[in-house]
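Please open the structure beside this note and follow along point by point.

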Amino acid sequence: VFYANKNKRGVTHWEPGATQDGLTLITMGQGKVVELLDMDGKPVHQWQVDYHAIWDNSGDVQDLVPERLIFVRKARMYPDGRLLVIFSAWSTTPYGYGIAMLDRDSRVLWKDFRYIHHSFDQAEDGKIYALDQNIVSSVNDDYPELTLPYLDDGIAVYTAEGQFLSRFSLLDAFQKSDFKDVITFLAAKNSGEGLGDLLHANDVDVLPEYLASKYSFATAGDLLVSLRQIDSIAIIDPETTTVKWFRKGYWRRQHDSDFLENGNMLIFDNFALRSSPNGQHTSKVIEFDPENMAIVWEYAPRGDEMFFTPARGSQQRLANGNTLITESNRARVFEVTAEGDIVWEYYN
């Protein structure tokens with residue numbers, strides 16, 4: 001079990017002039033608040049998000065777990081103050097609890113209670129791509145070798161106004177691709193277990209038009225998806241719903257795979273194979289060249305520094321070249337330079 005550092009709270013370190021100054025959007029593993037923080041760690045705006053108040057029984061999510069177990073998993077703020085959020089719940093499967101758009105005053109503009117989980121992204125045409133999941137408990141003729149029941153990860157597609165358009169299965173995307181042997185691997189890996197979390201998709205990132213020329217194996221609108229259970233990432237064409245590129249890396253239980261403006265990719269290695277200098281397990285943020293898989297930059301702990309979150313790790317490359325990193329299990333967000341120096345640090 002990992003706990004927040006109760007001896008540290010708020011901004012504990014800041015080097016003005018070395019940081020990408022601005023506002024930071026924070027979601028939490030409990031409670032009903034999403035906060036926008038300034039560089040001093042003070043809230044400049046809050047959204048109140050009471051799941052039980054907005055839920056209805058129109059979707060897949062039924063028989064709610066207790067209120068204290070439901071939280072906002074991810075949020076995106078728009079320039080006009082709207083907030084797109086997805087919900088998750090502890091102690092239940094499926095754990096995705098839906099998606100909603102709020103205005104700046106926390107009023108619900110639209111909502112949908114499919115089993116949306118972990119992550120979403122929005123394409124330039126306005127379409128929203130969100131990870132979702134379903135429990136499969138009866139034999140699927142396409143995958144008779146998979147032990148029942150299992151979780152079928154997929155991608156749900158919405159309009160910018162929240163209209164549900166379609167959904168496709170990630171297993172199907174592999175099955176009709178050149179990488180269909182992944183299904184055989186999953187069947188062997190999950191043999192006899194049941195309720196297999198086969199892929200555990202945990203991130204989706206849309207390739208924008210202005211970056212498309214940087215990637216020889218992808219086109220604008222393609223989806224980069226992180227698959228934690230098989231330590232892999234894949235690129236999927238959302239029009240054909242087919243996997244077109246697939247790599248298994250030197251990371252373990254990774255999260256948050258991102259396209260970068262220089263043609264590289266950024267990924268959060270939740271459980272790095274090497275221990276830190278103090279002998280403890282460590283996480284790592286890795287920038288790599290997807291053409292040859294060479295590591296071109298990484299952030300790893302130094303000396304006695306602690307940096308480890310075996311789940312929910314994330315990062316964001318900032319405009320000044322720094323990287324903002326979320327160490328979720330210790331309630332810590334920090335900004336590092338290209339040289340690996342911490343220039344801002346916040347504890348929730």
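This is a predicted model: local features need pLDDT of at least 70, side-chain atom pairs count only at pLDDT 80 or more; totals for chains, interfaces and linings use all residues.

The points below go through the cores, a helix, some salt bridges, a pocket and a few backbone details.

1. Start with the largest nonpolar core. It holds 31 residues. Those that touch the most other members are Ile155, Leu170, Leu171, Phe174, Leu223, Val225 and Leu227. Strands E10 (128–136), E11 (150–158), E13 (201–206), E14, E15 and E16 each give two or more residues, and so do helices H2 (170–175) and H3 (181–189). The general background is simple: in soluble globular proteins, nonpolar side chains tend to be buried together.

2. Look down helix H3. Which residues of H3 are buried? They are Val182, Ile183, Leu186 and Ala187. Seen down the axis, the buried residues of H3 fall within an arc of 140°, so they line one face of the helix. The buried residues of H3 pack against H2 and E16. On the face turned away from the buried side, find the exposed residues Asp181 and Ala188.

3. Salt bridges come next. The count comes to 20. One of them joins the side chains of Asp231 and Arg252, at 3.9 Å from N to O. This pair links distant parts of the chain, 21 residues apart. Asp231 sits in the loop between strands E14 (223–227) and E15 (232–237). Arg252 sits in the loop between strands E16 (242–248) and E17 (255–259). Are the two partners buried or exposed? Asp231 is buried, because its relative accessible area is 10%. Arg252 is partly exposed, at 26%.

4. A second bridge runs from strand to strand. Glu298 and Lys284 meet at 3.7 Å, N to O. Glu298 is in strand E20 (residues 294–299) and Lys284 is in strand E19 (residues 284–289), 14 residues apart. Lys284 is buried, with a relative accessible area of 7%. Glu298 counts as partly exposed at 32%.

5. The side chains of Arg332 and Glu305 meet at 3.7 Å, N to O. Arg332 lies in strand E23 (residues 332–336), and Glu305 lies in the loop between E20 and strand E21 (314–317). The two are 27 residues apart. Both are buried. Which residues form the network? Salt bridges link Glu305, Glu327, Arg330, Arg332 and Glu345.

6. Turn to the second largest pocket. About 220 Å³ of space lies in it. Of its 15 lining residues, Arg73, Trp90, Tyr95, His118 and Arg312 are the closest to its centre. Strands E5 (70–77) and E6 (83–89) each give two or more residues to the lining.

7. Find Thr241 in the loop between E15 and E16. Thr241 is buried, with a relative accessible area of 17%. Leaving aside neighbours within four places in sequence, Thr241 is in contact with Phe168, Ala173, Lys176 and Ile236. Thr241 and Arg167 are 74 residues apart in sequence, yet 9.6 Å apart in space, C-alpha to C-alpha.

8. Check two cis peptide bonds. One joins Thr93 and Pro94, with omega about -5°. Pro94 is in the loop between E6 and strand E7 (96–102). Another joins Leu148 and Pro149, with omega about -15°. Pro149 is in the loop between E10 and E11.

9. Finish with positive phi values. Ser106 is not a glycine, but its phi is about 75°. Ser106 lies in the loop between E7 and strand E8 (108–112). Asp256 is not a glycine either, and its phi is about 55°. Asp256 is in strand E17 and is buried, at 10% relative accessible area.

Methods. Residues are numbered from 1 along each chain as its sequence is written. Side-chain values use heavy atoms; hydrogens and water are left out. A salt bridge is a side-chain nitrogen of Lys or Arg within 4 Å of a carboxyl oxygen of Asp or Glu. Helices (H or I, at least four residues) and strands (E, at least two) are DSSP runs, numbered from the N terminus. Buried means under 20% relative accessible area, exposed over 50%, partly exposed in between (1.4 Å probe, protein chains only). A nonpolar core is a set of buried Ala, Val, Leu, Ile, Met, Phe, Trp, Tyr and Cys residues joined through side-chain atoms within 4.5 Å. The arc is that of the directions from the helix axis to the C-beta atoms. Contact means heavy atoms within 4.5 Å. On a 1 Å grid over the protein atoms alone, a cavity is a set of points where a 1.4 Å probe fits but cannot get out, and a pocket is an open set with protein on both sides within 12 Å along at least five of seven lines; lining residues have an atom within 4 Å of a point. Grid points are joined across faces, edges and corners, and a volume is the space filled by probe spheres set on the points.
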